[in-house]
Structure formats: structure tokens, C-alpha cells
Amino acid sequence: VDYVFVWGKYFQDLYLNSEIERKRQIRILGYPYSVQEEKYQDYKKRVVYLGQPLELYGDSYLERKKEIIEELSGICDGLGFELVYRKHLSEDLDWLKVNLPDINFTAEGESLEETIKNNDIFISFNSTALIESALNSKMSLQLINYDIPTDDFEELGICRSFTSLTELKELLKELKTLEDVKRHYSPVDPYYIEIQSPSPGEKFIELVKEIM
């Protein structure tokens with residue numbers, strides 16, 4: 001590899017600190033897709049849990065997953081939110097449907113872009129899809145309640161993070177009104193991921209010309 005294009009300075013610094021690449025070989029492209037504009041006037045209290053195949057770390061995580069989703073579903077029902085589960089490609093949908101019979105799932109074949117566009121609040125352990133929902137002006141919440149080491153998204157400037165459903169429930173209570181959603185959302189730190197203007201495509205062309 002001659003050049004590396006990265007999301008933001010955070011990743012450029014990772015390469016430099018590890019001495020994998022020299023500075024002249026690293027270019028900051030930023031998020032390589034267009035992002036959706038903030039439209040909180042369409043707020044319909046829909047919550048999406050972004051699944052991950054954490055059972056790859058051990059079968060015990062399947063039971064833990066079931067417990068978390070059932071408890072989150074109860075919280076959402078009590079607050080008047082609609083909960084939908086978006087499975088990861090590597091998750092077993094049949095297992096999920098058998099063990100979580102009362103949970104709704106996103107439509108088969110629905111793209112991540114469609115899921116982000118049609119829903120309001122996104123929750124996950126450490127999914128990159130959660131980063132994308134935050135970039136697209138959606139309320140995104142990291143729930144760190146598996147005993148697996150992970151980055152803290154709040155420390156990275158991506159979105160709020162919580163270590164228990166009890167903490168998360170308190171915020172969901174505040175998100176029951178349109179005004180609260182606006183008040184609690186903050187953009188992703190550009191140090192982690194830059195949003196290029198006027199478009200990522202033009203930034204890509206600019207970087208290629210610079211290299212040539």
C-alpha cells in the first residue's frame with residue numbers, strides 16, 4: 001500500500017504512533033458517504049437496536065443478548081417507544097426469532113441507509129453502524145454492558161455511552177419530547193471523523209490529484 005485514506009486525524013495519529021506509515025503516506029478523506037440532514041420534526045419515537053454476533057466470543061453471550069433485548073423492550077414499551085432489532089449479517093436470524101418472539105425486526109433486505117432514515121434512536125454495544133447513525137444526525141447511544149473490552153464512544157466524541165440499562169432508561173425518559181432530542185444530540189467530533197464539504201467525492205478527487 002502506497003497511501004492510506006482515513007476517516008479523521010484520530011486514525012492518522014494511530015498510524016503515526018504505531019509507526020506503520022509515514023505522515024506523507026496518510027491522507028484524511030473523512031466519511032466517504034453523503035450524510036442525511038437532521039429532521040427531528042418527523043420524530044416518531046422509534047428505537048433500533050443494532051445487533052452484533054458477540055456469541056463468537058462464547059455461547060454464554062447468546063443468553064446475555066436475550067436478557068438485554070428483553071429488558072430494553074420492556075423499557076421501550078413502558079415509555080411508549082417502538083423497538084426494532086436490526087440483525088448483523090453474521091447473526092442467526094432464526095435463533096433470534098425463536099428466542100425473542102415478541103421483538104420486531106427490520107424488513108428483510110432493508111439497507112442500513114433506509115434503517116437510519118426511517119428511525120430515530122439507535123442503540124448498540126460498539127457497532128460501526130452506530131457511528132454511521134450518529135454521523136447522520138440521529139440520536140445514538142452506546143450501551144456497554146457486555147464484559148468484552150471495547151472503545152468508549154463518548155470518550156471518542158461519537159455519542160453518549162452508558163454502562164447499564166438503568167442509566168439508559170433515564171435518558172430515554174427525557175427523549176419523549178421533540179425538544180429533548182434536539183437538546184441531547186451533538187455532532188460527531190471531526191477529530192474522529194471529518195464530514196467533507198461540499199462532498200466526499202470531491203475530496204477524494206482532490207486527494208488523488210495531490211498524490212499524482
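Predicted model: local features only at pLDDT ≥ 70, side-chain atom pairs only at ≥ 80, totals over all residues.

Trainee: Fine. What volume does the largest pocket have?

Mentor: The largest pocket comes to about 510 Å³.

Trainee: And which residues lie nearest its centre?

Mentor: R86, K87, H88, L89 and T106.

Trainee: Which helices and strands each supply at least two residues of the lining?

Mentor: Strand 4 (82-86), helix 3 (93-99) and helix 5 (128-135).

Trainee: Switching to helix 2. How many residues does helix 2 have, and how far does it reach?

Mentor: Helix 2 covers residues 60-79, so to speak its 20 residues, and reaches 29 Å from first C-alpha to last.

Trainee: Which residues of helix 2 are buried?

Mentor: Y61, L62, K65, I68, I69, L72, S73, I75, C76 and L79. They sit on the same side of helix 2, because they cover an arc of only 165 degrees around the axis.

Trainee: What do those buried residues pack against?

Mentor: Strand 3 (46-50), strand 4, helix 3, strand 6 (121-124), strand 7 (139-143) and helix 6 (165-174).

Trainee: And which exposed residues are on the face turned away?

Mentor: S60, D77 and G78. Just after helix 2 comes G80, with a positive phi of about 85 degrees.

Trainee: I had K66 marked. Where is K66 found?

Mentor: K66 is in helix 2. Leaving aside neighbours within four places in sequence, K66 is in contact with W95, N99 and L100.

Trainee: How far is K66 from I211?

Mentor: Their C-alpha atoms are separated by 49 Å, and the two residues are 145 apart along the chain.

Trainee: Last one, helix 8. What is its reach, and which residues are buried?

Mentor: Helix 8 (residues 200-211) has twelve residues and reaches 17 Å from first C-alpha to last, close to the expected 16 Å. P200, K203 and L207 are its buried residues. Seen down the axis, these fall within an arc of 60 degrees, so they line one face of helix 8.

Trainee: What covers them?

Mentor: The cover includes strand 1 (4-6) and strand 2 (26-28).

Technical notes:
Residues numbered from 1 in each chain as written. Heavy atoms only, no water. 1 Å grid on protein atoms, 1.4 Å probe; cavity = no way out; pocket = protein on both sides within 12 Å on 5 of 7 lines; lining within 4 Å. Points joined across faces, edges and corners; volume = space filled by probe spheres on them. Helix = DSSP H or I, 4+ residues; strand = E, 2+ residues; numbered from the N terminus. Expected span 1.5 Å × (residues − 1). Buried < 20%, exposed > 50% of the residue type's maximum accessible area, 1.4 Å probe, protein only. Arc of directions from axis to C-beta. Contact = heavy atoms within 4.5 Å.
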